[in-house]
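Here are a few notes to read alongside the model. They start with the disulfides and then move on to the nonpolar core.

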Amino acid sequence: MGTWPNRIPRSALLTAVIAAVVTAAALVVVVVLRPKPDGAVTMAPREPAAAPVDGSSSACGNGPCKQLAAVSVGGTPVVLLADAAGGWGRVQVGQQPFELAITNLGAKLTANSLRCVDGSTAACLIRGDAAGGSYGELLTASGGVWRDYGKPYFSDAGSLSLYDVSQDGRPDVIVVRHECPQAVSGTPRCQAAPVVAEVYELDGEVMGCTSTVTSPSNFRGWPDVELKKSQLRRCSGSS
């Protein structure tokens, strides 16, 4: 007569199953709570923070720099830095620094001083108010290299801007000035005269002038004046 193996009591089997479950759960907790080694990559990385522009790490004149304005031109960052009074400035275009000459002429820089326009030839105009008007310094890009035009622009009506007047993909410089051929610029007689907008190409060639108006605010877009080439004529005194 055959024999049957002894059956394990049900209570003992239940106890063994519960113990196995508890042990497995404990192992999971240990793995989850285990600290990550240095440099470990997480499953959901955070977005990297944008690198701040640290203008205070270098000097502007006799004091620390502060950032007044920043734009991107064709993917290249352009940052205007100045001292606390705005009387000394530098423009950082990518890795190229440009110390501004217009501050040596008395121009004061503000958060509204930087104006850039992208195009087949990109350009930036840095503007600052001074006694008797405003100065502007032009930076242009060619083949990925930026250069300072060198000759500052001056507006005795306090209005300098960049705009593609000829619609050729290159911005032009617009200088609003008083039309006072019989008076000295900056004198009360000249300041009371009508104003005209004179347009320059990026190489400094005069494109033309508008008819006179009573105030710079009469021009479309003022203070960043916008003109059409059809509005231009030969400037007074031009040959």
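This is a predicted model: local features need pLDDT of at least 70, side-chain atom pairs count only at pLDDT 80 or more; totals for chains, interfaces and linings use all residues.

1. A quick definition to begin: a disulfide here is a pair of cysteine sulfur atoms within 2.5 Å.

2. Staying with that link, the torsion about the S-S bond is 110°, making the Cys-116 and Cys-124 disulfide right-handed. Neither end is out in the open: Cys-116 and Cys-124 are both buried.

3. How many disulfides are there in the whole structure? A search turns up 4. If you number the bonded cysteines along the protein chain in sequence order, they pair as 1-2, 3-4, 5-6, 7-8.

4. Next, have a look at Cys-60 and Cys-65, which are also joined by a disulfide, with 1.9 Å between the sulfurs. Is this one right-handed or left-handed? The torsion about the S-S bond is about 100°, so the Cys-60 and Cys-65 link is right-handed. As for burial, the cut-off is under 20% relative accessible area. Cys-60 has 0%, so Cys-60 is buried, and Cys-65 is buried too because its value is 4%.

5. Another disulfide connects Cys-180 and Cys-190, where the S to S distance is 1.8 Å. Cys-180 sits in the loop between β13 (172-178) and α2 (188-191), while Cys-190 belongs to helix α2, so the bond ties together parts that are 10 residues apart in sequence. Cys-180 has a relative accessibility of 13%, so Cys-180 counts as buried. Cys-190 counts as buried because its relative accessibility is 0%.

6. In soluble globular proteins, nonpolar side chains tend to be buried together. Here the largest nonpolar core holds 23 residues, and the members touching the most others are Ile-126 and Trp-146. Which strands give this core at least two residues each? They are β3 (66-73), β4 (76-82), β5 (89-93), β7 (114-117), β8 (123-130) and β9 (133-142).

7. What does Trp-146 contact once neighbours within four places in sequence are set aside? The list runs through Val-73, Val-93, Gln-96, Phe-98, Ala-122, Ala-123, Cys-124, Leu-139, Thr-140 and Ala-141.

Definitions and conventions. Residues are numbered from 1 along each chain as its sequence is written. Side-chain values use heavy atoms; hydrogens and water are left out. A nonpolar core is a set of buried Ala, Val, Leu, Ile, Met, Phe, Trp, Tyr and Cys residues joined through side-chain atoms within 4.5 Å. Buried means under 20% relative accessible area, exposed over 50%, partly exposed in between (1.4 Å probe, protein chains only). Helices (H or I, at least four residues) and strands (E, at least two) are DSSP runs, numbered from the N terminus. Contact means heavy atoms within 4.5 Å.
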